[in-house]
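Thank you all for coming. I would like to walk you through one model this morning, going from its loops to its ligand, and I will pose a few questions on the way.

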Amino acid sequence: MDHTNHLMPLRILVTGAAGFLGSHLVDLLLEKGHEVIGIDSFETGSPKNLQHIGDAQRFRLINHNIQTPLEGLQLGHIDQIFNLACPASPIHYQKDPVSTLKTCFRGTENILELAKNKNARILHTSTSEVYGDPKVHPQPESYWGNVNPFGARSCYDEGKRVAEALCYAYHENYPDLEIRIARIFNTYGPRMAHSDGRVVSSFIGDALDGENIKITGDGTATRSFQYFTDCLDGLQRLMNSNYTQPVNIGNPGEFSMREFAEIVAEMVSEKGKPKVLITYLPRPSDDPNTRKPDISRAKEILGWEPTVPLREGLKKTIEWHIEQRK
Ligand code: NAD
């Protein structure tokens with residue numbers, strides 16, 4: 001099947017469909033005319049993120065945990081699978097680390113089995129966390145990472161690493177199985193809940209509540225921030241390419257946490273709120289010091305690079321948070 005022909009509607013399965021990125025991906029795929037089956041256990045995502053779709057003929061949402069095989073679900077023919085199901089914020093993935101590892105290993109195995117049986121192409125969403133606390137900066141895909149296998153973040157970092165290894169091993173065993181691996185870097189935007197503790201939504205939520213923005217560490221650690229529309233464009237291009245190696249999907253713009261907190265405080269105050277202060281808390285263990293993608297591969301292979309500047313994406317995200325509070 002020619003997956004690059006966007007004019008031809010495909011049947012596409014999205015796991016993690018009710019989450020932040022998954023729900024936006026479902027919207028995009030439906031907009032492009034595809035038929036979409038969403039799978040989610042609603043562990044961190046919510047059906048509310050998909051409520052606006054209503055009773056669309058081309059969309060079906062199934063409550064299912066990918067730790068259990070999907071063969072009994074009567075899914076019919078499937079062309080492509082985007083595997084996004086996994087808790088993504090530290091407070092969520094650390095709540096039940098064994099379950100996080102099961103989702104990464106058994107879940108990915110179940111999705112790979114499904115892809116094999118349905119002759120579907122699979123794109124697995126990996127993460128910049130596979131680079132751990134990197135000793136190479138910025139991080140190219142060829143860097144093997146610096147990950148603690150025995151610590152608070154290991155269930156996610158090592159889980160995502162084993163999931164990549166599993167995709168590779170399946171492709172080795174079944175060369176006809178088409179795999180794609182996206183290493184996503186910090187992505188933000190509307191539908192990312194304030195309560196999930198990730199830095200963008202936490203900072204915005206705190207600033208809107210009139211509470212000090214809390215930075216863990218001294219504020220010199222750096223992060224890159226990618227708006228979700230850029231991320232989804234990268235995922236789509238990768239899925240429809242013929243490239244089987246991992247590809248970084250992230251925004252190389254690098255900001256110190258202090259700089260970023262100041263931008264959020266200033267932009268929230270421009271919305272008529274009092275300007276909040278910044279408080280510094282102890283840094284959690286294994287928290288990476290720097291993070292910045294080398295996106296040469298994505299540029300070369302996919303002709304992709306992010307286009308949304310930080311302040312533009314933040315403006316839309318802040319407005320969404322304000323809307324949620326009405
Ligand atoms: P999210 O928590 O908003 O969404 C994850 C979704 O997966 C949720 O709806 C959750 O209920 C569902 N889920 C979790 N475990 C499941 C299971 N066992 N079975 C079925 N559904 C399950 O997170 P997100 O930010 O949308 O992330 C989506 C994917 O992208 C994740 O795999 C994450 O690791 C990856 N990723 C995200 C980022 C980012 O910055 N947002 C960065 C790197 C990688």
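This is a predicted model: local features need pLDDT of at least 70, side-chain atom pairs count only at pLDDT 80 or more; totals for chains, interfaces and linings use all residues.

Let me start with this one: in which loop is the place of Q74? Q74 sits in the loop between β3 (59–63) and β4 (80–83), where helices (H or I, at least four residues) and strands (E, at least two) are DSSP runs numbered from the N terminus. Residues are numbered from 1 along each chain as its sequence is written, and side-chain values use heavy atoms, with hydrogens and water left out.

As for confidence, the mean pLDDT of the protein, that is, the predictor's confidence in each residue from 0 to 100, is 95, and 98% of the residues reach 70 or more. The model scores ipTM 0.99 and pTM 0.96.

Back to the loops, then. Most residues other than glycine have a negative phi, and most peptide bonds are trans. Q74, however, has a positive phi of about 55° although it is not a glycine, and R191, in the loop between β7 (187–188) and α5 (199–208), likewise has a positive phi, near 80°. Are these two residues buried or exposed? Here buried means under 20% relative accessible area, exposed over 50%, and partly exposed in between, with a 1.4 Å probe and protein chains only. Q74 counts as exposed because its relative accessibility is 68%, whereas R191, at 18%, is buried. A cis peptide bond, with omega about -10°, joins H137 and P138, and P138 belongs to the loop between β5 and α4.

Turning to α1, ten of its twelve residues are buried, among them F20, H24 and D27. Taking the expected span as 1.5 Å times one less than the number of residues, α1 should span 16 Å, and its end C-alpha atoms are 17 Å apart, which agrees. After α1 comes G33, whose phi is positive, near 95°.

In strand β5 we find R121, which counts as buried because its relative accessibility is 6%. The R121 side chain makes a polar contact with the side chain of E178 at 3.3 Å; a polar contact is a pair of N or O atoms within 3.5 Å, and within protein one must be able to donate a hydrogen and the other to accept it, with residues adjacent in sequence counting only if both atoms are side-chain atoms.

Finally, which residues come nearest to the ligand? Of the 29 residues around the ligand, they are D40, T44, N65, Y156 and T187, where being near requires a heavy atom within 4 Å. A side-chain N or O atom of T44 is 2.7 Å from an oxygen atom of the ligand, and a polar backbone atom of G45 is 3.0 Å from a ligand oxygen. For L84, a backbone N or O atom lies 2.9 Å from an oxygen atom of the ligand. Taken alone, the ligand exposes 820 Å², and the protein buries 97% of that, by the Shrake-Rupley method with a 1.4 Å probe, where for residues only the protein chains shown count as cover. The largest share of the shell around the ligand, three residues, comes from β5.
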